[in-house]
Amino acid sequence: MIALSLAEIAEIVGGQPHDIPDPSVTVSGPVVIDSRQVAPGSLFVAFAGERVDGHDYARRAFEAGAAAVLAARPVGVPAIVVDDVQAALGALARDVVRRLGTEVVALTGSSGKTSTKDLIAQVLQRHAPTVFTPGSLNNEIGLPLTALTATADTRHLVLEMGARGIGHIRYLTGLTPPRIGLVLNVGTAHIGEFGGRDQIALAKGELVEGLPDNGCAVLNADDPLVRAMASRTKARVLLFGEAEDADVRAENVRLTAAGQPSFSLHTPSGCGDVTLRLYGEHHVSNALAAAAVAHELGMSADEIARALSEAGTLSRWRMEVTERPDGVTIVNDAYNANPESMRAALRALVAMGEASRAEGGRTWAVLGPMAELGDESLAEHDAVGRLAVRLNVSKLVAVGGREASWLQLGAYNEGSWGEESVHVSDAQAAVDLLRSELRPGDVVLVKASRSIGLERVALALLDGAVEGEVTAR
């Protein structure tokens, strides 16, 4: 964060200094919410959670070098006390971003946000110093914490924005007003909480509504609900996709033998050839979104194409591909799941397995429940199971409770599958089955909603965890 005195911070957040002998002391280190991450000069933000109250760790943070604590009550060490810690953190982020004058790029969508954010960051880093959301810290706390890592040298601030209801993205854009707003897609993730895709579109479109007159709304031309958001913004619109009228588009899309997308990139400033290091055709849309943002920020088509072709996976458990010494390939995509990302991952699995199929290799889909689908849950799980059959996935292992049984039942009803699909109770049962069945050339996809913890299956298959180390949660 840029250096600010405790007196300046207190004024920005509307707080009262407590136990601060010298208000001119400067916060020069990071702003953190975990006392274990405190560095000299830090500002420790004390949140009172359901299980842990950060105020209880205030003295530990101060003794570790924190300049002060941002708190809701006096804590016996130098502190700035406010009525609402979250609001104060947001106010501090808003003020710092305003002072920096950095170019803010914000993105949202039902799926692909984190992968696209990572692509944008890697492309823009070749152009100028860039700060971006780590992982998927895209909420009311994670976003301001990311913004506060920007320094005087930061040219681009790339922020992922998530939403679980109407008004969430509007709030986030108020904290860090973007000039460039990107909407990837409107799918069915969290549809149980929103109540329908129209409501999801309403929430996601809050991003472009908040753009200034000189802003740019980067919209997916291939998604009708996203394309329609052009009418909700006063900013200039830049379309990306495979549609003929897209400003930034892909032509001649194909997959390599390993399942990595390759295409010709067309932008208003020129063309370039791209072969991604990522797996699955769904990453073409993510790459085009990143290319559109980079074009808006002045990069040439050649620069963008080279950067995209060299970009990798920055965030864990998102189509993370590892080949074991025995020739079995593990695809850990277990960070999260929704119907759209499940379908994309299954298609990527099949593409990756094509090369080994001729030599007897098989494709395994180890799938767990998709959360927060509400009344659509049965139909969506059934549809994913049926798609596994239609794509000719060799083996489906459905892991977990009721929703997983719907996955397996969908596969069973779609085809005359018997031994090709199985329902197991938990992650350990899946590991035991796979350890006894896998052979060289097999490709294994592991995917489910984050709350299921199915990444433990992938990790166990890679590190040889013993029985009892892997459990469903």
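Contact is taken to mean heavy atoms within 4.5 Å. Helices (H or I, at least four residues) and strands (E, at least two) are DSSP runs, numbered from the N terminus. The structure is a predicted model, in which local features need pLDDT of at least 70 and side-chain atom pairs count only at pLDDT 80 or more, whereas totals for chains, interfaces and linings use all residues. Residues are numbered from 1 along each chain as its sequence is written, and side-chain values use heavy atoms, with hydrogens and water left out.

In the pairing of helix H1 with helix H3, Glu 8, Ile 9, Ile 12 and Val 13 of H1 meet Ala 88, Ala 91, Leu 92, Asp 95 and Arg 99 of H3. The residues of this contact comprise six nonpolar, no polar and three charged; Ala, Val, Leu, Ile, Met, Phe, Trp, Tyr, Cys and Pro count as nonpolar, Asp, Glu, Lys and Arg as charged, and the others, Gly among them, as polar. The axes of H1 (residues 6-13) and H3 (residues 85-100) come within 8 Å and cross at roughly 110 degrees, which makes H1 roughly perpendicular to H3. Axes are lines fitted to C-alpha atoms, for helices over the stretch in contact, and angles run from 0 to 180 degrees between N-to-C directions. Angles under 35 degrees count as roughly parallel, over 145 as roughly antiparallel, 65 to 115 as roughly perpendicular and the rest as oblique.

H3 also packs with helix H6 (residues 168-175), their axes coming within 8 Å and crossing at roughly 50 degrees; the two helices are therefore oblique to each other. Here Gln 86, Ala 87, Gly 90, Ala 93 and Arg 94 of H3 meet Tyr 171, Gly 174 and Leu 175 of H6. Four nonpolar residues, three polar and one charged make up the contact of H3 with H6.

For H13 and helix H14 (residues 377-390), the axes lie 10 Å apart at an angle of about 10 degrees, and these helices are therefore roughly parallel to each other. Pro 339, Met 342, Arg 343, Leu 346 and Arg 347 of H13 meet Glu 380, Val 384, Leu 387 and Ala 388 of H14. The contact of H13 with H14 divides into six nonpolar residues, no polar and three charged.
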